[in-house]
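Please consider the following structure together with its sequence. The paragraphs below lead through its contacts, strands and cores.

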Amino acid sequence: ARSAYQPTIKQQGNRWIAYIGSHGGRQVNPLTGQLEENGTSILDVTDPRKVKLLYHIPGEKGREVPGRETGGAQMTRVCAGTELPKADRTKTYLLRTFGDVRQEVWDVTAPEKPAMIVHFGQFKSTHKNEWECKSGIAYIPGSHDAYRASRVTHVYDLSNPAAPTFI
């Protein structure tokens with residue numbers, strides 16, 4: 001029942017895992033029965049006839065006056081550690097937006113138990129990130145008080161996802 005925006009599907013071992021970013025809003029998490037911000041849904045899609053929700057990572061907690069993407073995590077990108085130049089080769093990483101305000105990197109090696117590694121950036125608006133696994137370079141559009149433009153692309157080195165470096 002969430003508004004899906006950017007899915008990323010990645011083979012992890014013998015499974016195919018879908019990471020689905022959602023627009024802002026709130027829905028009940030069917031795994032917990034709790035109302036949660038839309039965020040990111042992680043599904044096992046190995047058998048398309050038996051899709052299984054593995055985990056849901058909530059988005060930015062709603063505000064009194066919600067912003068356009070409050071609760072959302074509309075973009076997902078996934079890289080295996082074997083693809084990244086300086087990452088732990090045994091891990092798989094998820095880069096996602098967190099509402100309009102920042103980016104997050106999660107360890108999704110065990111998709112049923114994702115763990116936040118780091119969050120970075122302080123934006124007024126962030127959207128449509130891109131992450132090149134081979135180089136580790138991430139392109140993060142976002143607004144910031146230092147710029148007059150509504151969106152500027154910020155370039156980060158995420159070759160080691162635990163240590164984002166602004167380029």
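The side chains of Glu130 and Arg77 are joined by a polar contact of 3.3 Å. A polar contact is a pair of N or O atoms within 3.5 Å; within protein, one must be able to donate a hydrogen and the other to accept it, and residues adjacent in sequence count only if both atoms are side-chain atoms. The model is a predicted one: local features need pLDDT of at least 70 and side-chain atom pairs count only at pLDDT 80 or more, while totals for chains, interfaces and linings use all residues. Residues are numbered from 1 along each chain as its sequence is written, and side-chain values use heavy atoms, with hydrogens and water left out.

Glu130 lies in strand E12; strands (E, at least two residues) and helices (H or I, at least four) are DSSP runs numbered from the N terminus. With a relative accessible area of 37%, Glu130 is partly exposed. Here buried means under 20% relative accessible area, exposed means over 50%, and partly exposed lies in between (1.4 Å probe, protein chains only). Leaving aside neighbours within four places in sequence, Glu130 is in contact with Arg77, Ile137, Ala138 and Tyr139, where contact means heavy atoms within 4.5 Å. Glu130 and Thr76 are 54 residues apart in sequence, yet their C-alpha atoms are 8.6 Å apart in space.

Tyr139, in E13, stands opposite Glu130. E12 and E13 run antiparallel and are joined by two bridges; two strands are taken to pair if DSSP finds at least two bridges between them. The hairpin of E12 and E13 has five residues between the strands, and Gly136 takes a positive phi near 85 degrees there. With strand E11 (residues 125-126), E13 pairs in the antiparallel sense over two bridges, and Ser125 has Ser143 in E13 as its bridge partner. E13 is mostly covered, six of its seven residues being buried.

Arg77, the partner of Glu130 in the polar contact, also stands opposite Leu95 in E8. E7 and E8 pair in the antiparallel sense over five bridges. They belong to an open sheet of four strands in the order E7-E8-E9-E10, with antiparallel pairing. Strand E7 (76-80) and E10 are the edge strands, each of which pairs on one side only. On average, neighbouring strands of this sheet are turned by 25 degrees against each other, direction ignored; the axes are lines fitted to C-alpha atoms, for helices over the stretch in contact, and angles run from 0 to 180 degrees between N-to-C directions.

Where is His119 placed? His119 is in strand E10. His119 is partly exposed, at a relative accessible area of 45%. Not counting residues up to four places away in sequence, His119 touches Arg102, Gln103 and Glu104. The C-alpha atoms of His119 and Pro164 are separated by 8.7 Å, although the two residues are 45 apart along the chain.

The structure holds one disulfide, defined as a pair of cysteine sulfur atoms within 2.5 Å. This disulfide joins Cys79 to Cys133, with an S to S distance of 2.0 Å. The pair links distant parts of the chain, 54 residues apart: Cys79 is in strand E7, and Cys133 is in the loop between strand E12 (130-131) and E13. The torsion about the S-S bond of Cys79 and Cys133 is about -85 degrees, so the disulfide is left-handed. Both Cys79 and Cys133 are buried.

The largest nonpolar core has 15 residues, of which Leu95, Phe120, Trp131, Ile140 and Leu158 touch the most other members. Such a core is a set of buried Ala, Val, Leu, Ile, Met, Phe, Trp, Tyr and Cys residues joined through side-chain atoms within 4.5 Å. Strand E8 (92-98), strand E10 (115-120) and strand E13 (137-143) are the elements that give two or more residues to this core. Leaving aside neighbours within four places in sequence, Leu158 is in contact with Leu84, Leu95, Phe120, Trp131, Gly136, Ala138 and Pro164. A second, separate core of nine residues includes Tyr19, Ile57, Val78 and Val108.
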